[in-house]
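Work through the exercises below with the sequence and the model at hand, and try each task before reading its solution.

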Amino acid sequence: MAFSIAVQEQDFDVGREYGELIFGDTAAGAVVFFVGRVRDTNYARDVKSMSLEHYPGMTEKILQQILDEAKSRWKLIAARIVHRVGELHVSDQIVFVGVTSVHREHAFQAAEFLMDFLKTQAPFWKKELTGQGALWVEENSKDVGASLRWNK
Amino acid sequence: MIRVVFLAQLREQLGAAELDVPVGQIKTLADLKTYLLLQNSSWSGALSNPKLLSAVNHAYVKGDHVLADGDEVAFFPPVTGG
């Protein structure tokens, strides 16, 4: 469980994920986690719900590769990515990224890196149901920029 | 056979989720696209979108790529998860 991923329809429990990340671990002095949620507005459109699609098989492979890359760049003790798929509503949790390390610097950086790469590499697609109809979410240039800054 | 998979908005635009294509003369990703367009001329707009990404056997590929019998090729728009 030290480095693991999950792609699932069901919700996740942040407390439980945290508990599992640090279970039996006395070395990790730093834990950083990020939770992404469905917000009610996107590009001035009212979002009612969204459906999240992915490419089974490739998604898991890419998420594992992203974890491996983070592991090679920073001194991490454990890391976990959980990403939901299917129908999600406003305020629902979408994604969990958790990282533990001896000191906070590595945990903070790795968590940001994982999210930036997940957003630009992992094959997920959002389709929003808005007041203006159903719309596929467009690629965000800010996300692309955020991901590029990690290029060595 | 080569398994071809279309995802997300591209799947809706083409009205197809997946199809099996006989290898025949198809040696590369470019050959496969040419074949798909010959079979379905109405796909040219959506399939020519320069932003489309491709993956062979669940790994991203850029530019042209050699294909083999049994490969799974996916075409999809830029990803928007997280």
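**Exercise 1: the interface between the chains**

Between chain A and chain B, 16 residue pairs are in polar contact, both residues having pLDDT 80 or more; a polar contact is a pair of N or O atoms within 3.5 Å, where within protein one must be able to donate a hydrogen and the other to accept it, and residues adjacent in sequence count only if both atoms are side-chain atoms. This is a predicted model, in which local features need pLDDT of at least 70 and side-chain atom pairs count only at pLDDT 80 or more, while totals for chains, interfaces and linings use all residues. Residues are numbered from 1 along each chain as its sequence is written, chains are lettered from A and ligands numbered from 1 in the order in which they are written, and side-chain values use heavy atoms, with hydrogens and water left out.

Task: describe which element gives the most to the side of chain A that touches chain B, and the classes of residue on that side.

Solution. Begin with the elements, where helices (H or I, at least four residues) and strands (E, at least two) are DSSP runs numbered from the N terminus. H3(A) gives the most, with 5 residues. Next, sort that side by class: it has 14 nonpolar, 5 polar and 7 charged residues, where Ala, Val, Leu, Ile, Met, Phe, Trp, Tyr, Cys and Pro count as nonpolar, Asp, Glu, Lys and Arg as charged, and the others, Gly among them, as polar.

**Exercise 2: an aromatic pair**

Task: find how the rings of Trp125(A) and Phe76(B) are arranged.

Solution. Over all chains there are 11 aromatic pairs, counted when rings of Phe, Tyr and Trp (its six-membered ring) have centres within 6.5 Å, with planes under 30 degrees apart stacked, over 60 edge-to-face and the rest tilted. Here the centres are 5.2 Å apart and the planes stand at 65°, so the pair is edge-to-face. The pair crosses between chains, from strand S8 of chain A to strand S5 (residues 72–76) of chain B. Finally, Trp125(A) is buried at 1% relative accessible area, and Phe76(B) is buried at 0%, where buried means under 20%, exposed over 50% and partly exposed in between (1.4 Å probe, protein chains only).
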